[in-house]
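Thanks for coming, everyone. I have one structure to walk through today. Here it is on the screen.

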Amino acid sequence: MVAPRSSIASATANHPPLNSRKLLRRRAVLNRAFALTYACAIPALFYHHVKTLLHPATAANAVATLLLLLADVVLAFMWITSQSFRLYPTRNEEFPENLEKVVAGTGGFPALDVFICTADPNKEPPMGVVNTTLSVMAYEYPAEKLSVYVSDDGGSELTLFAFMEAARFASHWLPFCSKRNLMDRSPEAYFASNRCGGTEIDKIKMMYESMKERVKHVVEKGKVAEEYIIEDRERRALSKWTDEFTHQNHPAVIEVLLDNSKDRDITGNVMPNLIYLSREKSKNVSHHFKAGALNALLRVSAIITNAPIILTLDCDMCSNDPKTPRRALCYLADPSTNQSQLGYVQFPQRFQGINEGDIYCGDFKRLFQINPTGMKNGPNYYGTGCFFRRRSFFGAPSAMVPPEIPQLSPKHCPKGLIQSERTLALAQTVAACKYEHNTNWGHMVGFRYGSLVEDYYTGLKLQCEGWRSVFCHPERAAFLGNAPICLIDVLNQNKRWAIGLLEVAFSKFGLITYGIQSMGLLMGLSYAQYSFWPMWSVPITVYAFLPQIALLNGLSIFPKVSEPCFLLYIFLFLGAYAQDLADFILAGHNNTLRRWWNDQRMCLIRGVTCYAFGTIEYTLKSLGITAHGFNVTSKVLDDEQSKKYDKGVFEFGAVSPMFMVLAAAAIINLVSLVQGLMVAIVRRSGGGDAEGLVLQILLAGFGVVNSWPIYEAMFMRSDKGRMPTKVTLVSAFVVSVLYTGVSLA
Ligand SMILES: O=c1ccn([C@@H]2O[C@H](COP(=O)(O)OP(=O)(O)O[C@H]3O[C@H](CO)[C@@H](O)[C@H](O)[C@H]3O)[C@@H](O)[C@H]2O)c(=O)[nH]1
Ligand SMILES: [Mn+2]
C-alpha cells in the first residue's frame, strides 16, 4: 500500500485512479496533542501511588493502594497500546467506476472463490446460509469467474438438501436480480422490505416461500423424506448419509451443485459454480474448528478452480451490495500499489437487527469500525468479509512456502472439467482428516491453528510475515450479519474470544517484542492491545469492588477534594471518557449518545464477566485441567426474545456464574453508595469532613447508574428474562460475606 502521507490517489500516467488514502490531519494533530498531555498525567498518578505506598496510613490502605496500582498499571498499558490506533487516522476511498478500464488492460477480472462456513444446522438455520450464498452468487461479477464453496462442519444432509433447493432457485433468482438491478440480493432481505405487486415479483416470491417451506419441513423432521428428492443424482448424494454417518465421524462429501461449464439460468446465462463440501471427520483426529474448515476449503478449491482471489464469509454475513468484489479489486488489482505485499482487503463487520440503543454493543464499533482506520499497515483479519490474495497463505511475500503437492500451489492452473473423476478424487484426498499430518498446514501455510480466534491469529501471522492489508469501509455496508440478541450469548461469544486471544498472547507470536520486531512499533502495539484485551477484567473488577468495599467500611482510598491529585483523577477519568465519546460520534452510522453510553456499559459488564471468566478458563486449560471448544453462536431468532430485544430490555434468565458476579457488583455499588452518603452526612453534621470519600461516592454512583437494568432484572421484573432468584440470592450472600470479612479484618 501507499504510505499514509497526505492524500494519495493511485492514478498513474496509464490508468485512472482506483483508490485513495487520506490522512485525517486535524484529527491526527488533536489525538497526538491529547496523547502527550495524557502521557504526562499517568506518571503523576504512579508517583502518587508510590508515595502512598511508602507511608500508608493503615495496613488496609497499603493493600488497597497495591491493588489500585495493579489496576492502574493495566489501564496504563491498555492506554499506551490504544494510542497506536489514534496517531495515524486515515480514510480510504475507492473508485470502482474506473475498474473495468484498468482490468481490461490486464486480462480481465481475476477469478474469485468465495468460502462460506457453517457448522450446525440447529444453531445456524440452513435457510440463513442459503440466503448468504444466493446473495454472493448474485454478485455483479462475471459468472464464469465466480465459484462459491460452502463448508458444512455440521456434516448435515439437511444443509445439503437446502443447497440442492438453492441451486434450482438460483436459476430464477440470479437473472431476476440482474434484470432489476437489485441492491438486496439476499431473497429474505429483498422480500422483507415488502415489495409487492407485479406478477413477476409475486411469482418469484412464491417460489422462494415454497422452497423455504420445504427446507423448514425437512429441518423440522431432521430427515429428507423421499418425496422431496427430485433428481437421481440428489438421491445418490443423500445416500451417503448412512447409519454410521455422524457429524463427528464421516467421510468427506463433495458435491458440485452448479457447474459453470454446463449449468445455465432460465435466461440461458452462465451460472457461477456452487460446491458443497463437508470435510472428513473422525473423533480421533483434531479438526481445528473453523481454521480447519477454511484450510480444507483452500485445498479443495485449489484442485477445482484455484482462483487467485478468495473471499471468506461466515454463514450469516449476507452481501448487501453486489458491487463489493469490484471495490475490493480497486486495491487488489491496482497496478500502482505494491501488489507483491498487499495480502488482504478487510470490510468491517456490520450488523442488521441491532436495537435502537444497541444495548449489548452488538455493533462493536471500536473493534470493527474505529480501530482499523488507524492501523498503519492495515487492519487485522476479522474472520468474515475479507478478500485475500491466495498467495498470502503460502509464506511471506518474498519467500513462498510451497505446498506438499504442486496441485495446491497458488501458481497451479487447474485443467479439465471440474467434475472429472480425477479432479473429484484428488479433492476427496485433500479433504481427508489425516491429510494435514506432517505438512505445514495450520502453521506455515493456510489459516493458523492454535487459537479460538483463528482470524486474529492468522492476520497477525500474515502481517508479521510482511503482508499488508487495507480497510475498505464504504458508506453502504458491504455485508450485514447477525449479532447475538441475548446477553448470555453475547457473553459466551466474548468469553470464547477472550480465551482465543490469550492463547495468542502467551504464544511466541503474541509477545509484544516479536510483533514490534516484525511489524514495527505501532503495529506491534495494536496487536498487543487485542491479545491482552481480556486483561481489562483486572482494572474493571478492582474498580467495581474495591473502592466500594472500602466505602462500606468508611475507609478513604482516593485523594481528598482539596488535594491536587483529586483533579488528576478527574482529568484521567473524564479525559479518557471524552475521547472515547468523540471517537464514537465521529465514526458515523447511528452514532447516538445513548448508543455510546450502552457501549461503555457493556465494556464494564464484559470486564467483570466474560473477560474474567475467559482468563480463568484459559488458565485451567493451560494447566491441563479442562478443555474448551468453539461454541458456535446461535443464529436462531426466537420471536419472544426478539420482541424483548427490540424494546431494549435486558435478557438475563440463565443461571450463570457470570451473572452472579455481575449481580454482586451491582448490589455492592448500591449498598456502598447508600452507606457512603450516610457516613458523609453524619461526619459533616458532626463537624468533620467527608472530603476523602467523595471520589468513592462518585464512583459508586457511576456504578449504580450503569447497573440500572440489573436492579430492574433483580427486583422489578417478573418475566422469563429477569435475573433468576437463585443468582440474586447467591450474589447477595457473596456481598454480605465480603462485607463481614473485610469489616472483621
Ligand atoms: O468448528 C467450527 C466452528 C465454527 N465454524 C463457523 O465459523 C463461523 C463463525 O462462528 P460464530 O459462532 O458465528 O462465531 P462469532 O464469534 O460470531 O464469529 C467471530 O469470531 C470468530 C472467531 O472466534 C471468527 O471466526 C468469525 O469470523 C467472527 O465473526 C460460523 O460461520 C461457523 O459456522 C466452522 O465452520 N467450524
Ligand atoms: Mn457470528
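Ground rules. This is a predicted model: local features need pLDDT of at least 70, side-chain atom pairs count only at pLDDT 80 or more, and totals for chains, interfaces and linings use all residues. Residues are numbered from 1 along each chain as its sequence is written, and chains are lettered from A and ligands numbered from 1 in the order in which they are written.

Start with the ligand. Ligand 1 has 24 residues around it. A residue counts as near if its C-beta atom, placed from the backbone, lies within 6 Å of the molecule. Cys117, Ala119, Asp314, Gly383 and Thr633 are the closest. Which elements give two or more residues to this shell? They are strand E4 (112-118) and helices H9 (289-304), H13 (454-465) and H14 (487-505). Helices (H or I, at least four residues) and strands (E, at least two) are DSSP runs, numbered from the N terminus. H14 gives the largest share, four residues. By class, we get ten nonpolar, seven polar and seven charged. Nonpolar here means Ala, Val, Leu, Ile, Met, Phe, Trp, Tyr, Cys and Pro; charged means Asp, Glu, Lys and Arg; the others, Gly among them, are polar.

Now H13. Nine of its twelve residues are buried, so the rest of the structure largely encloses it. Buried means 20 or more other C-beta atoms within 10 Å of the residue's own; exposed means 12 or fewer; partly exposed is in between; C-beta atoms are placed from the backbone. The buried set in H13 includes Glu454, Asp455 and Gln463. Among the elements covering it are H9, H14 and strand E10 (342-346). Geometry next. At 1.5 Å a residue, H13 should span 16 Å, and its end C-alpha atoms are 16 Å apart, which agrees. The expected span is 1.5 Å times one less than the number of residues. Gly466 follows H13, with a positive phi near 115 degrees.

On to the annotations. An unreviewed UniProt entry places "binding site" at Lys123, Glu124 and Asp153. They span 31 residues in sequence, yet no two of their C-alpha atoms are more than 12.2 Å apart, so they gather at one spot. UniProt positions use the numbering here, feature names are shortened, and annotations may be inferred rather than shown by experiment. Is Glu124 buried or exposed? Glu124 counts as buried, with 27 C-beta neighbours inside 10 Å. Asp153 is buried too, with 24. Beyond four places in sequence, Asp153 is in contact with Cys117, Thr118, Ala119 and Ala293. Contact means C-beta atoms, placed from the backbone, within 7 Å.

The UniProt record also lists transmembrane regions, including 497-516 and 658-681. Residues 497-516 are 70% helix, with end C-alpha atoms 23 Å apart. Residues 658-681 are 100% helix, and there the ends are 35 Å apart.

The core. The largest nonpolar core has 193 residues; Phe115, Val300 and Leu501 are among those touching the most other members. Such a core is a set of buried Ala, Val, Leu, Ile, Met, Phe, Trp, Tyr and Cys residues joined through C-beta atoms within 7 Å.

Asn181 has a positive phi of about 55 degrees although it is not a glycine. Asn181 is exposed, with 8 other C-beta atoms within 10 Å. Phe364, also not a glycine, has a positive phi of about 45 degrees. Phe364 counts as buried, with 21 C-beta neighbours inside 10 Å.

Technical notes: Contact = placed C-beta atoms within 7 Å.
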